[in-house]
Amino acid sequence: MFGPEKPAGRQEPGGSGGFPNMASVGDFNVLSSSIPATKVELSVSCRNLLDRDTFSKSDPICVLYTQAIGNKEWREFGRTEVIDNTLNPDFVRKFIMDYFFEERENLRFDFYDVDSKSPNLSKHDFLGQMFCTLGEIVGSQGSRLEKSIVGIPGKKCGTVIVTAEELGCCRDSVLMQFCANKLDKKDFFGKSDPFLVFHRSNEDGSFTICHKTEVVKNTLNPVWQAFKISVRALCNGDYDRTIKVEVYDWDRDGSHDFIGEFTTSYRELSRGQSQFNVYEVINPKKKGKKKKYVNSGTVTLLSFLIETEVSFLDYIKGGTQINFTVAIDFTASNGNPSQPTSLHYMNPYQLNAYGMALKAVGEIIQDYDSDKMFPALGFGARLPPDGRVSHEFALNGNPQNPYCHGIDGVMEAYYRSLKSVQLYGPTNFAPVINHVARYAASVKDGSQYFVLLIITDGVISDMAQTKESIVNASKLPMSIIIVGVGPAEFDAMEELDGDVVRISSRGKFAERDIVQFVPFRDYIDRSGNHVLSMARLAKDVLAEIPEQFLSYMRVRGIKPSPAPPPYTPPIHVLQTQI
């Protein structure tokens, strides 16, 4: 994770001395080893902070902490500058964080009144704190979260406003085309068969391959096809980072001959076709041996076009809501809920597998739903009073209004219904999929997107109907997550997932892949750390949602709504930064 872009220890103009910026590099996170979806910049402002100074106003600083997933330990991520003599600071220094939709990133903002040059926070007056998640900030209207500062009993500590802005370089792609002239001839019978290999440089000076062109056969003056690459892949968003390009002559046996290389940067390439973007291809070995060596040919940039992709966050910021529905399997194969062997066993000391899956996924998705009201359904049970079998019943017992407040409300309704219904069968998915599809079909304008979480112990009874429901739902703004709990064989679920073979029904194929299936047993942490199991499960089942969401918007040609106008803080007093 990266913090603010300034190197540690450099002093901010206008900041008080003695506070090194500790936000440069955080600890490596086991779960976050994938390239982050994007980076967001957090801006912090406060209103009506506590006044701790006798003769003047407080001199506030904000310190951001992130929480490790396994041991819940808070670690300092970074600090803003200190602003002297104000209770309404708008901090200049930003926090830059990696953002993953599928992870719950807990944040804590602490505020202090700085009284000396000491970097030790215990030497300063505590002004209060605010807890939230990164998803909460991003999911708020206009990606702007306003919350009360707490932490000092009996005192009003003021409010904090945190705004998230997605960094633009993460979504730019470039379309480039190159040609070469007079490359070295490497083949005995014909000319060379050249191709280019692009590498971005890493922080430690090593290089990572990021693109290969196609091979152009039998020519020393090739023109390669234009190709598109994300700026993140090309230079990780750093415009001055070295990009190394190698030129090879292709050989059928894979022992490609090295012709030469050159280096450039995104900033140089962005000048487009010009004398600056004609590169001499140098072979260092030849250069060392031959005094008269000039080069092994030249490579020229023919065109350079920047394209900005719209992102998942553009839609969220524009007000698109994500509606979350849960459906729980109440079939008899789960076992009697009063027995410890049952998958529905209500253990007073820890969550069962259903509870864990529900909490893991729900706690992340709820940040993107403003009213926090979630329909919770059950299937495969006999209901009181008459014992009729239902494949689509409200867990709260109210079919007219199956909504529960927050994930805790869903958990409560789940436990309550376990006490009142009789587990039965068969295992039918189609009714709950069609239930959510009816809602999704009524709002196809991109203002809402629906996610259905089905938690089941296994063998599905209505495969043909479920396939038909999924194929129909693939045209709608919805995704389906299936979590399999218990020891059953889940072969049928893999078929529904559609990652290998796109799902079809009656000769019609699904328009897009909308189902993600995972077996819960793959995530059980051997050390018994359920927090880690839940984080891993959520990461895998939610990782595909932003792309499924974007594929719906792209197919329908729906653009993000403009974000609400940026918040302008009310000016209380003229602030001067010392």
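Me: Is Lys372 buried, partly exposed or exposed?
Reply: Lys372 counts as partly exposed, because its relative accessibility is 25%, and the class in between runs from the buried limit of under 20% to the exposed limit of over 50%. Please keep in mind that this is a predicted model.

Me: Where does Lys372 sit in the chain?
Reply: Lys372 is in the loop between helix H6 (353-365) and strand E18 (373-379).

Me: And what about the backbone of Lys372?
Reply: Lys372 is not a glycine, yet its phi is positive, at about 55 degrees. Asn218, also not a glycine, has a positive phi of about 55 degrees.

Me: Where is Asn218, then?
Reply: Asn218 belongs to the loop between strand E11 (207-212) and strand E12 (227-230). With a relative accessibility of 47%, Asn218 counts as partly exposed.

Me: Staying with the backbone, which residues does a cis peptide bond join at Pro426?
Reply: The bond joins Gly425 and Pro426, with omega at about -5 degrees. Pro426 is placed in the loop between strand E23 (422-423) and helix H8 (430-442). The peptide bond from Pro384 to Pro385 is cis as well, with omega near 0 degrees. Pro385 is in the loop between strand E19 (381-383) and strand E20 (388-390).

Me: Change of topic: how is the chain divided into domains?
Reply: The division gives domain 1 (38-167), domain 2 (172-308) and domain 3, which consists of two segments, 320-363 + 427-556.

Me: What separates the centres of domain 1 and domain 2?
Reply: Taken over C-alpha atoms, the centres of domain 1 and domain 2 are 46 Å apart.

Me: Now the charges. How many salt bridges are there?
Reply: The count comes to 22 salt bridges. One of them pairs the side chains of Lys539 and Glu103, at 3.2 Å from N to O. This pair links distant parts of the chain, 436 residues apart: Lys539 is in helix H11 (residues 530-542), and Glu103 is in the loop between E4 and strand E5 (106-113).

Me: Why does Lys539 count as buried?
Reply: Lys539 counts as buried because its relative accessible area is 12%, and the limit for that class is under 20%. Glu103 is also buried, since its relative accessibility is 13%.

Me: Which residues are linked with Lys539 in a network of salt bridges?
Reply: Glu102 and Glu103 are linked with Lys539 in that network.

Me: What does Glu136 pair with?
Reply: Glu136 forms a salt bridge with Lys147, and their closest N and O atoms are 3.2 Å apart.

Me: Which residues form the negative surface patch?
Reply: The patch is formed by Glu489, Asp491, Glu494, Asp499 and Asp522. Glu494 lies in helix H10, which covers residues 491-497. At 47% relative accessibility, Glu494 counts as partly exposed.

Me: Back to strand E4. Is Phe95 buried or exposed?
Reply: Phe95 counts as buried, since its relative accessibility is 0%. Phe95 lies in strand E4, residues 95-99. The C-alpha atoms of Phe95 and Lys123 are separated by 23 Å, and the two residues are 28 apart along the chain.

Note on methods
Residues are numbered from 1 along each chain as its sequence is written. This is a predicted model: local features need pLDDT of at least 70, side-chain atom pairs count only at pLDDT 80 or more; totals for chains, interfaces and linings use all residues. Side-chain values use heavy atoms; hydrogens and water are left out. Helices (H or I, at least four residues) and strands (E, at least two) are DSSP runs, numbered from the N terminus. Buried means under 20% relative accessible area, exposed over 50%, partly exposed in between (1.4 Å probe, protein chains only). Patches are made of residues with over 30% relative accessible area and no salt bridge: like charges are joined within 9 Å, nonpolar side chains (Val, Leu, Ile, Met, Phe, Trp, Tyr) within 5 Å. Accessible areas come from the Shrake-Rupley method with a 1.4 Å probe; for residues, only the protein chains shown count as cover. A salt bridge is a side-chain nitrogen of Lys or Arg within 4 Å of a carboxyl oxygen of Asp or Glu. Lys and Arg count as positive and Asp and Glu as negative; His and the chain ends are not counted. The place of a charge is taken as NZ of Lys, CZ of Arg, CG of Asp or CD of Glu. Domain bounds come from an automatic or database domain assignment.
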